[in-house]
Each structure stands twice: as C-alpha cells, then as structure tokens.
Amino acid sequence: MIVEERIYTVQPGKAGEYARLMETEGIAIQEPILGHLFGFFTTEFGPLNQIIHMWAYESFEDRATRRAKLMRDPTWLAFLNKSRPLIEWQENKILVPASFSPPLRGRK
C-alpha cells in the first residue's frame with residue numbers, strides 16, 4: 001500500500017472556494033476512478049492557502065493505471081478548467097508506510 005500526498009497552494013483567499021469545488025464536484029469524479037481518498041485537509045498554520053489530498057493505492061502500478069484513467073475522463077478534464085485557475089503551485093509525494101505503520105483502513 002502507498003499513499004499519494006498532493007499539496008496544492010491556491011491563490012490567497014481561495015482555499016475555501018477550491019475546497020467547495022472539490023466537495024461539490026471534484027471528489028465525486030475522482031473517487032470512483034482513484035479509489036480510496038485517505039484524507040482532505042486545509043492548512044491552519046505554517047504555509048497557508050494549501051489544500052492537501054491523500055489517496056491510498058495498492059501499488060505504484062495501481063496508482064499509474066488509475067491516474068491515467070482519470071486523465072482520460074472528459075468530466076474530469078472539464079473540471080480541471082474550473083479548478084486550475086485557483087492553483088498557484090502543486091507538489092506531489094508518494095508515501096510508503098514503514099513496516100510498523102498501522103494499516104490503512106477504508107472509509108465507513
């Protein structure tokens with residue numbers, strides 16, 4: 001299991017708008033394709049105006065297959081036209097759990 005951490009720095013004052021857009025449209029498009037949304041966060045201290053998505057995958061190959069499918073989805077591509085103008089910077093990380101890390105659990 002791996003976790004992808006996607007950090008988006010949005011325009012100052014636009015974090016709420018971006019989060020609402022994801023809540024009302026984006027997650028519904030992504031989740032059936034990407035699978036397990038592990039977490040969705042905003043920053044309160046430290047670097048501000050950041051949104052963090054965390055997605056769990058079975059493997060690097062699973063992630064690559066799912067991300068490729070998402071990037072072929074016309075609904076997602078239309079959504080990107082709405083969300084991209086809000087984003088100033090993006091950073092992605094792949095997190096590999098240590099052997100003693102608690103197991104990732106699905107949503108209830």
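In this predicted model, the residues that line the largest pocket divide into eight nonpolar, four polar and three charged. The space within this pocket amounts to about 180 Å³, and of the 15 residues in its lining, those closest to the centre are R6, Y8, W76, L80 and Q90. Several elements of secondary structure take part in the lining, for at least two residues each are supplied by β1 (2–10), α1 (15–34), α3 (74–83) and β4 (87–95). Among the contributors, α3 gives the most to the lining of the largest pocket, with four residues.

The helix α1, which supplies at least two residues of the pocket lining, also packs against another helix. Two packed helices are described by the angle between their axes and the distance between the axes. For α1 and helix α2 (residues 60–70), the axes come within 9 Å and cross at roughly 140 degrees. The crossing of the two helices, α1 and α2, is right-handed.

On the side of α1, the contact is made by I29, Q30, I33 and L34, and on the side of α2 by R66, R67, K69 and L70. When these residues are sorted by class, the contact of α1 with α2 is found to have four nonpolar, one polar and three charged residues.

Note on methods:
Residues are numbered from 1 along each chain as its sequence is written. This is a predicted model: local features need pLDDT of at least 70, side-chain atom pairs count only at pLDDT 80 or more; totals for chains, interfaces and linings use all residues. Side-chain values use heavy atoms; hydrogens and water are left out. On a 1 Å grid over the protein atoms alone, a cavity is a set of points where a 1.4 Å probe fits but cannot get out, and a pocket is an open set with protein on both sides within 12 Å along at least five of seven lines; lining residues have an atom within 4 Å of a point. Grid points are joined across faces, edges and corners, and a volume is the space filled by probe spheres set on the points. Ala, Val, Leu, Ile, Met, Phe, Trp, Tyr, Cys and Pro count as nonpolar, Asp, Glu, Lys and Arg as charged, and the others, Gly among them, as polar. Axes are lines fitted to C-alpha atoms, for helices over the stretch in contact, and angles run from 0 to 180 degrees between N-to-C directions. A crossing is left-handed if the near helix is turned anticlockwise from the far one by less than a right angle, and right-handed if clockwise. Contact means heavy atoms within 4.5 Å.
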